[in-house]
Structure formats: C-alpha cells, structure tokens
Amino acid sequence: MTVQASKSELTLGPVLFNWQPDVWRDFYFRIADEAPVETVYLGEVVCFKRAPLFDDDREAVAARLKAAGKTVVRSTLAEVMSKQERQMIEDVCAGDGLVEANDGSALLRLRGRPHYAGPFINVYNERTLTVLAGNGVRNVCLPPEMPAEAIRALAADAAKLGVSLEVQVFGRVGLALSARCYHARAHGRTKDSCQFVCNEDADGMTLRTLEGQPFLTVNGIQTMSHDYLNLAAELPELQDMGVARYRLSPHSRDMVAVAAIFRDALDGRIDAAEAGSRLDAFNLGAPFSNGFYRGRRGHSFTPAATN
Amino acid sequence: MSDVQGLTRPELVCPAGTPAALRTAVDAGADAVYCGLQNETNARNFPGLNFTVAEVEQSLRYAHARNAKLLLAVNTFPPAGKFAMWRDAIDGAARLGVDAVIVADMGVADYAAQTYPDLRLHLSVQAGASSPEAIRFYCEQFGVKRVVLPRMLTVAEIADLHREIPCEIEAFIFGNIGMMAEGRCYLSNYVTGESTNMDGVCSPAADVHYEEDAARNLTTRLGDYVIDRFAGGESAGYPTICKGRYLCGARNDAYYAFEEPVSLNLSALLPELMRAGVTALKIEGRQRSRAYVKSVVGAFRKAVDDIMAGREAAFASLLALTEGRRETEGAFPSKRWR
C-alpha cells in the first residue's frame, strides 16, 4: 500500500523479544507488504545469543522491506561487554546501510558517517545532541523517560542541528538492562545455560508483586513495563513540537492494525478517543501508560482531556 | 610506585555524604574522597546529604592539607532546558580546583572539556561504558582520564580491558550493589515519578511505606507496589525494586527476581584486582554514617597496605557492615553470576 504523504513518519522499532525464526520472518514480511510505516529497525538489541537464530532470514527480510519502499535501519545491541558482543557491533557497523547505535561502542565505530542514536543512548539535552550531531547522528530516538517539557526544549535545538527526533508511542517500555539474564534466573539457569527459555514468552514474562498485582515484564537481560505505552492522545502535541518520527515497539498482536491506527491518528483522521477505543479492542491484557511523558509516575495513565 | 610483587599502589576512593564524613574518611586513610552538591546534579540526591559550594571549598582545604584528593560527582543527566544547574556545578568545580569531576552525561562532559581543558574528567559508572570501544569513545571525545567500571565485569575481563584502553580504571570493591546497568534504569521513575538519571534519586523515602499486620509480618511498599514481605522478627530491607521478591508463572513461590539483598564485598579479590591493573578502588556509600565510613575505610586502608607489604590481609570486621549481613562478590569472580 502507499503511504500518506505526511511530515510525521511512523516507524517500527526492533523486535525486542525472542520469537521463533519463522514467526519473526513472517511478521516482517507482513509488515513489508501491509503496514503503513516508513522506517523499520532491524536487529537484535537485547541478547547476542539470540542473534544467530535469525541469520538465515535477516537479509531476505531486509530485502523485502526495502522492496516495499521502507527504509531499513540496523539496530545494535544495547549492552556490550564480551568479545562476541563487540564482534557483533563491529559486523553491524561494517555494513554500508544506516545503523542505529544503542551503546557507546557503536557510537565510536559510526563516528564520522551518518548514523542514528537509539533509545538506549542517553540523549537528554541540547549539548549532548550537539556533540552527537557533530559526529554524524541524524536521528535520535529519545529515552522513554523524557517528559514533554524536555522534549519540547530539545526539539528546538534539534531542528537547528538538522537532527530529527523520534519518540516511542506504543508498546511496552524498556526500563532497565542488566548483565544478568532474569529469564534464565526465573528458570533456575544462568545466561550461559539459558537454553533460550525467553522464547516461551512472546511479549515477555510478567512479574507480579506478592499481592498478585502485575508489575514488570522480564525479557532476558531487559526489564520492561507491564503496561503498554500509548501516546495516541499526545500525537498532536508532539507534532507541534516538531518531533518527526513516531516509534511503535513490536508485540505479538496485529501490528499492521496498530500501525494503521497511529497512521490515522497522525494524519488527523481519528481523534485520541477513537484511537484509544480501537487499541482497546486488542485486549492487550495490560493497561496503557503515558506517565513518563506527563512527568508523572511512569506507569500511570492520564486520559486526554475531553473538550 | 611499584613493590617487589609488581603491584602498583592503588588509590583508595572513599564516599563522603557530608563534610563530617569527608573528614572521617580522610582521617581513616582515604587517598581520595568523592562527594556531590545538594541538588539533582549527582546520583545520591538524598535529603540531608551532600555539600554546599562553601562546604566543598572547606573540605578541599582539609583534604589537600592531608594529601587526599577531592572528586566531585556531577554524574546525572540534565534534561533539556535545565542544563544551567549542571553548568554551574562544573564552573564551581573548576573555580575551586577540585582534583577531578566525575561525569556521565555527554553534554556535561563536553561543556567541561571545552570550557576547562585542564579540569580532570573521570567517567562515572552512570555512563555505563562497559567495553573498550565505549570507553575509548569517551576518552577520545572528551579527554576522560579514568573510567569507573560498571559492576558487571569479571576480574579477568577487567584485566583484558586494562590492556585495551588509554585511561585509568576505577573499580567498586565494597558497598551496595545495584542490579541494573547504571545510567540506564528508569525503574524508580516508573514507580515514583522521581528519575535516577535526571533527579539523582532511587527509591525516594517519600514513596516508601512499611505496613505491619497482627502477626507482626512486615510488608514494604514503594509507591503503589509491594516490594517485599518479612515474617515477624526477620530484618526488613529498604524497598528497592531490584532487590524485591516477586511472583512469576515459571515458579511456585515468591523469589528474588533480580538479586537478593546482598552487598558487594571484593576484599578477597583485592590482590587480583590490583594485578588486573586497577588504579583506584572505590567504596560505595555516600548515604552511610560516619561510623560506617570510619570502619570500612580503615579496614581497606590496612588491607591495601598489608597487601603492598606482602602480608596477609584480614577483613572479618567488614562482614557486620554489609547489608543484611550478607555479601557477594557479584559478577567479579565468574560468568556464572549472569
């Protein structure tokens, strides 16, 4: 399908979970064929052990996305320590395509050529943005805890520096990384002996409090929110600030439909209430949140004021 | 200075939450003390803690008169629109002549490097630089002279790292161990609305609640969430999200999903760390009492001196000071910890 002409681009972040390779491939094929997104981020961000599982399909997926007119950006690992992890960064950065850096080692390797900075790079202020722009950064996906007032302040400088800003608007939010794998730990294993147990949970493993209240989501070494970020109601404000790109973080639900909802909302064809009720129909099994954006507790959700 | 075993005497870097604690640490044998200002510019922005600019100035005189260094932590991430507070902190540090500032944010590092080329920069653990390339990025970009390593590397990995980077290494050896990669954790903000990165706050006291039932079981809560529950008489820990007990579908009982409430204690690994090329040994605990600082700094002062003199080092007194009297060597001995 053709994409509506609009200043606001819709993007699909990297799949953060460990899906079966055929599910992963078919997911991207359908995104290529049907989803109204302009940019697709591709690559293993959470765990280097998962990356080889997708080696057979990665080039085919990238080719299909490009053939469908999508911009494909390779995302790098967020946590880099070991020789294998460092090698992964070197390999991804050696390609000639666009790369989104998610740690300092990728920032070093990409310096001097156009590249992107991902949400795992701490870009909180104008001076950091200036440094990275000087190194070749052209797009920054902001850390998810950035409040609206800081995004607005940063957007003014980003425009002057020729850097586009990107904000995650849908999906569980990455809250922390660790050297330890908590999926393996839950199953009495370690990262080395994990047997890829994270592939049992397509949207992560729910942690509940001792009262049984759903709280967090475990995804390998990553800890995520239980709730799903939903900034549909904030899109007009973000557009007014000058944010150029809007990121959907993939889940096992119908992401083509999710993308269509956000496309409609970005283009003003539906309002926040309509977007909200259409998203509600997915029965995500978890509430929405927008607290970080509102400068409140991150897990909280404040519905849009009704006019 | 090297001794016969080929060891270089490491710098003992000690915490100071108050001017009194700073004097205590210096008197107990600290080679360097680190502290922060009374605002969001440092990662221990707790009520009743930290220094005014005048106190930094007085403390600097006290430390320098006793051959100790003072390092100022300006190691949080200024959100856009609020950079001035961090700029002022760097200006103050340069004007007073502190021995180094500990920075995490690229913008703050750049401001310091561009404005005060002679101001020595240490890279905070909050920058999360865990590979030679990431560390080189900060060295080349901002002239960083020392990196404080994340608490996720083994001693063998630190030794390898030492050979590949152009700056000194500072490693944590004792104190509270956070389970999440530093500078990349929004858990506190998720639950309380106070950000570790932007506000320098983790698990703020205002959001902590203790509830005791009729059977004297104690439930600890942070914001809207239960973090742990303790049977009557069991010693209850402060509710920190990454040290709580939770439930998940893969297990029948509550478990410490991230880590048990233990403290880091690398005293037994000190000689190995020194051989691995670590320049500075860091003790955590700016929120701790003067008595704690005196005991821990004193014990490590003696241990380092013993090791340098080829004597066996003794550490029994430190165990009583670790959190919940339980300790760990964390990631440092082997990869099995991960």
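Modeller: One place to begin is Gly29(B), which follows H1(B) and has a positive phi, near 115°. Please keep in mind that this is a predicted model.

Colleague: Which residues of helix H1 of chain B are buried?
Modeller: H1(B) covers residues 19-27, and its buried residues are Ala21(B), Leu22(B), Thr24(B), Ala25(B) and Val26(B).

Colleague: And what covers the buried residues of H1(B)?
Modeller: The cover includes two strands of chain B, S1 (11-15) and S2 (32-35). It also includes two helices of chain B, H2 (53-65) and H10 (290-308).

Colleague: How many residues are in the largest nonpolar core, and which have the most contacts inside it?
Modeller: The largest nonpolar core has 207 residues. Those with the most contacts inside it are Phe262(A) from chain A, and Ala25(B), Val33(B), Leu72(B), Val74(B) and Val101(B) from chain B. This core draws at least three residues from each of domain 1 and domain 2 of chain B. As a general point, nonpolar side chains tend to be buried together in soluble globular proteins.

Colleague: Take Val74(B). What does it touch, leaving out residues up to four places away in sequence?
Modeller: Val74(B) touches Thr41(B), Asn42(B), Trp86(B), Ala89(B), Ile90(B), Ala93(B), Val101(B), Ile102(B), Val103(B) and Val108(B). Val101(B), one of these, is also among the residues with the most contacts inside the core.

Colleague: You mentioned domains. Where do they run in chain B?
Modeller: The domain assignment gives domain 1 as 11-177 + 262-337 and domain 2 as 197-256. Their C-alpha centres lie 28 Å apart. The contact between the two takes 9 residues from domain 1 and 7 residues from domain 2. On the domain 1 side, the residues that touch domain 2 comprise 3 nonpolar, 4 polar and 2 charged.

Colleague: Turning to the two chains, how many residues does each give to the contact?
Modeller: Chain B gives 58 residues and chain A gives 56 residues.

Colleague: Which elements of chain B give two or more residues to that side?
Modeller: The helices are H4 (106-115), H5 (132-142), H7 (187-192) and H8 (196-199) of chain B, and the strands are S10 (225-230) and S11 (245-248) of chain B. The largest share, 6 residues, comes from H5(B). By class, the residues on the chain B side divide into 33 nonpolar, 13 polar and 12 charged.

Colleague: What joins strand S8 of chain A to S11(B)?
Modeller: S8(A), residues 205-208, and S11(B) run antiparallel and are joined by 2 bridges. Within this pairing, Leu207(A) stands opposite Cys248(B).

Colleague: Why is Gln195(A) classed as exposed, and why is Phe196(A) classed as partly exposed?
Modeller: Gln195(A) has 9 other C-beta atoms within 10 Å, and a residue with 12 or fewer is exposed. Phe196(A) has 14 other C-beta atoms within 10 Å, so it counts as partly exposed.

Colleague: Back to chain B. Is Ala280(B) buried or exposed?
Modeller: Ala280(B) is buried, because 20 other C-beta atoms lie within 10 Å and 20 or more is the cut-off. Ala280(B) lies in strand S14 (residues 280-283) of chain B. Leaving aside neighbours within four places in sequence, Ala280(B) is in contact with Pro10(B), Glu11(B), Val13(B), Arg146(B), Glu168(B) and Glu170(B). Its C-alpha atom is separated by 6.5 Å from that of Ile169(B), 111 residues apart along the chain.

Definitions and conventions: Residues numbered from 1 in each chain as written. Chains lettered and ligands numbered in written order. Predicted model: local features only at pLDDT ≥ 70, side-chain atom pairs only at ≥ 80, totals over all residues. Core = buried A, V, L, I, M, F, W, Y, C linked by C-beta atoms within 7 Å. Domains from an automatic or database assignment. Helix = DSSP H or I, 4+ residues; strand = E, 2+ residues; numbered from the N terminus. Nonpolar A, V, L, I, M, F, W, Y, C, P; charged D, E, K, R; others polar. Pairing = 2+ DSSP bridges.
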